[in-house]
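Subject: Structure for you to look at

Hello,

Here is the structure I said I would pass on.

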Amino acid sequence: MAHNSTAKRGVLFDVDGTLVDSNYLHTVAWWQAFRRMDLDVPMSAVHRAIGMGGDKLVEHLLGEERDKDQDEKLDATHGAIFSTWWPALRSFDGARELLLACADKDLTIVLASSATGPELEVLRTVIDADSAIAAATSSADAEESKPSPDILQSALDSSTLTAEDTIFVGDSVWDVKAAAELKIPTIGLLCGGTSEAELRDAGATEIWENPRDLLENLESSLLGKLAAR
């Protein structure tokens with residue numbers, strides 16, 4: 001099929017750990033939520049599950065045999081603890097400029113986040129690049145959270161993008177796996193705390209240190225190539 005050069009091209013961005021430095025705060029918030037229910041889950045295990053939606057994370061860490069009646073309370077407790085850190089949240093250096101630079105290249109930018117609605121508002125304020133953002137998804141926009149591709153599919157739908165004209169930028173193996181289900185190539189960033197080896201192993205096509213690193217290499221990156229197509 002000949003590629004339609006007028007087709008919209010876009011970038012889906014994960015938010016937590018990709019644009020905003022929040023993964024370790026999420027880790028501690030989940031850890032404390034588990035402790036309040038007398039559940040002892042090592043922080044390293046929690047960190048490796050960050051990037052999954054809350055429902056998937058609880059099942060992944062506690063297993064099928066857990067008391068499922070606690071799931072909702074765990075999720076709500078994590079959210080409440082995490083909200084106490086909202087004033088401290090910072091975007092990564094270069095995150096705002098990266099979004100603006102992509103928008104300048106006529107790439108449609110969609111935030112593909114599994115954060116709750118109120119949380120997403122806070123994250124958008126922290127990023128401070130609303131003029132560049134065409135749309136954003138929250139946990140309310142998907143039946144199933146990452147690593148299921150629902151959130152990415154909603155992100156595509158919300159902006160009339162197609163998978164073949166889109167690239168996903170994320171920081172966790174769950175991001176990469178979700179994008180792979182839709183055959184969207186992923187650029188992995190290391191700033192969320194996951195190693196290059198793990199991201200490549202999950203199927204990431206390209207790896208950069210952080211938003212600033214990707215911004216400085218924008219022309220040669222997958223994003224630059226997509227824009228030039």
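A residue is called buried here if its relative accessible area is under 20%. Please keep in mind that this is a predicted model.

With that cut-off, strand β2 (residues 107-112) has six of its six residues buried, so the strand is largely enclosed by the rest of the structure. In a regular strand, side chains alternate between the two faces of the sheet. In β2, Leu107, Ile109 and Leu111 point one way, while Thr108, Val110 and Ala112 point the other way, and all are buried.

Which strands is β2 joined to? Five bridges join β2 to strand β1 (residues 9-13), and the two run parallel. In that pairing, Val11 stands opposite Ile109 of β2. Four bridges join β2 to strand β3 (residues 133-137), again running parallel. There, Leu111 is opposite Ala136 of β3.

Now the helices. The axes of α1 (residues 23-36) and α4 (residues 71-83) come within 8 Å and cross at roughly 130°. That angle makes α1 oblique to α4. The crossing of α1 past α4 is right-handed.

The contact itself is made as follows:
- From α1: Leu25, His26, Ala29, Trp30, Gln32, Ala33, Phe34 and Arg36.
- From α4: Leu74, Asp75, Thr77, His78, Ile81 and Phe82.

By type, the residues of this contact between α1 and α4 divide into eight nonpolar, four polar and two charged.

Regards

Technical notes
Residues are numbered from 1 along each chain as its sequence is written. This is a predicted model: local features need pLDDT of at least 70, side-chain atom pairs count only at pLDDT 80 or more; totals for chains, interfaces and linings use all residues. Side-chain values use heavy atoms; hydrogens and water are left out. Axes are lines fitted to C-alpha atoms, for helices over the stretch in contact, and angles run from 0 to 180 degrees between N-to-C directions. Angles under 35 degrees count as roughly parallel, over 145 as roughly antiparallel, 65 to 115 as roughly perpendicular and the rest as oblique. A crossing is left-handed if the near helix is turned anticlockwise from the far one by less than a right angle, and right-handed if clockwise. Contact means heavy atoms within 4.5 Å. Ala, Val, Leu, Ile, Met, Phe, Trp, Tyr, Cys and Pro count as nonpolar, Asp, Glu, Lys and Arg as charged, and the others, Gly among them, as polar. Buried means under 20% relative accessible area, exposed over 50%, partly exposed in between (1.4 Å probe, protein chains only). Two strands pair if DSSP finds at least two bridges between them.
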